[in-house]
Amino acid sequence: MRFDIFTLFPGMFAGPFSESIIKRAVSRDLLTIDLHDIRDYARDEHRTADDYPYGGGSGMVLKPEPVFEAVEDALSRQYGAKDTGRAAPCPIILLTPQGRTFNQAIARDLAGRRHVMLICGHYEGVDERVRERLVNDEISIGDYVLSGGEPAAIVIVDAVSRLVPGVLGSEESAGEDSFAGGVLEYPQYTRPPVYRGWEVPEVLISGNHGRIRRWRREQSLKRTLERRPDLLSKAPLDADDIKYLKTIGAHLPP
Ligand code: ADE
């Protein structure tokens, strides 16, 4: 899978992309990440990428020309054409607090694409023509304001990459992650069996795989009910799940 990231601060990605799972996926050619410095497409000798807002107001606005030209250059190289917006051959996503909120379903959808473009907004805003004519999606990673889209791009690349086949080893499968099955993950323990007098639950040491599976499922359901009851209405639940949830006081729709 390929990511093209458009940013004024390419240096912000050096650390996160040169460690751990992303680094390994890139070195195994499962992932290509190309960083594009928007300033390289500025037209003046000062490499100006932002300007004052028309109509006045505080802060600077990211200019349209360098952003359009950076994205179109990458599109031409990949596809030999530079159709943008709805006509584009891949998702062109603006990272902004005004976008739809990122979640595991969006991560799964993006992981099914061969190519995704991410544009990091910066300063107070981005010229509206970028929204209207260049991008075909806008994503926020949550209801808070970052100084720019770079941390959001890192979050999205991480969450999406780990769903790309082969990126995680079988030891690290994403299948049991929180949210993978619509509920939170069960509690995990490792050695030692007793630490400062605190014991690992007996069932996990029992060797009884049926009991372990049931315990884990119930812990997942209990945790989801306590922490994120909103998830339960959408999670796939079987008859045993519903029976268990009722015993711990869940009020489920009929
Ligand atoms: N840029 C600034 N804040 C953001 C957020 N919450 N999500 C995505 N991009 C952003």
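**Burial and overall form**

A residue counts as buried under 20% relative accessible area, as exposed over 50%, and as partly exposed in between, with a 1.4 Å probe and protein chains only as cover. By that cut-off, buried residues make up 39% of the 254 residues in the protein chain. This is a predicted model, in which local features need pLDDT of at least 70, side-chain atom pairs count only at pLDDT 80 or more, and totals for chains, interfaces and linings use all residues. Residues are numbered from 1 along each chain as its sequence is written, and side-chain values use heavy atoms, leaving out hydrogens and water.

The protein chain has ten helices and ten strands. These are DSSP runs numbered from the N terminus: helices are H or I with at least four residues, strands are E with at least two. The radius of gyration is 23 Å, well over the 18 Å that the globule rule gives for 254 residues, so the chain is more spread out than a compact globule. That radius is taken over C-alpha atoms, and the rule is 2.2 Å times the number of residues to the power 0.38. The C-alpha atoms fill a box of roughly 70 × 40 × 40 Å along the principal axes.

**Contacts and surface**

Contact means heavy atoms within 4.5 Å. Among contacts between residues at least 6 apart in sequence, 71% join residues at least 24 apart. The accessible surface of the protein chain is about 14,800 Å² (Shrake-Rupley method, 1.4 Å probe; for residues, only the protein chains shown count as cover). Carbon and sulfur atoms hold 50% of that surface.

**Ligand shell**

Residues around the ligand (a heavy atom within 4 Å) include Leu95, Pro97, Ile139, Tyr144 and Ala152. β5 (92-101) and β8 (137-140) each supply at least two shell residues. The largest share, three residues, comes from β5. By class, the shell has eight nonpolar, four polar and no charged residues. Here Ala, Val, Leu, Ile, Met, Phe, Trp, Tyr, Cys and Pro are nonpolar, Asp, Glu, Lys and Arg are charged, and the others, Gly among them, are polar.

Polar contacts are pairs of N or O atoms within 3.5 Å; within protein, one must be able to donate a hydrogen and the other to accept it, and residues adjacent in sequence count only if both atoms are side-chain atoms. A ligand nitrogen lies 3.2 Å from a backbone N or O atom of Thr96. For polar backbone atoms of Gly142, the distance to a ligand nitrogen is 3.1 Å; for Leu146, 3.0 Å. The protein covers 96% of the 260 Å² of accessible area that the ligand has on its own.

**Ser161**

Ser161 lies in helix α6 (residues 150-161). Ser161 is buried, at 1% relative accessible area. A polar side-chain atom of Ser161 is 2.5 Å from the backbone oxygen of Val157.
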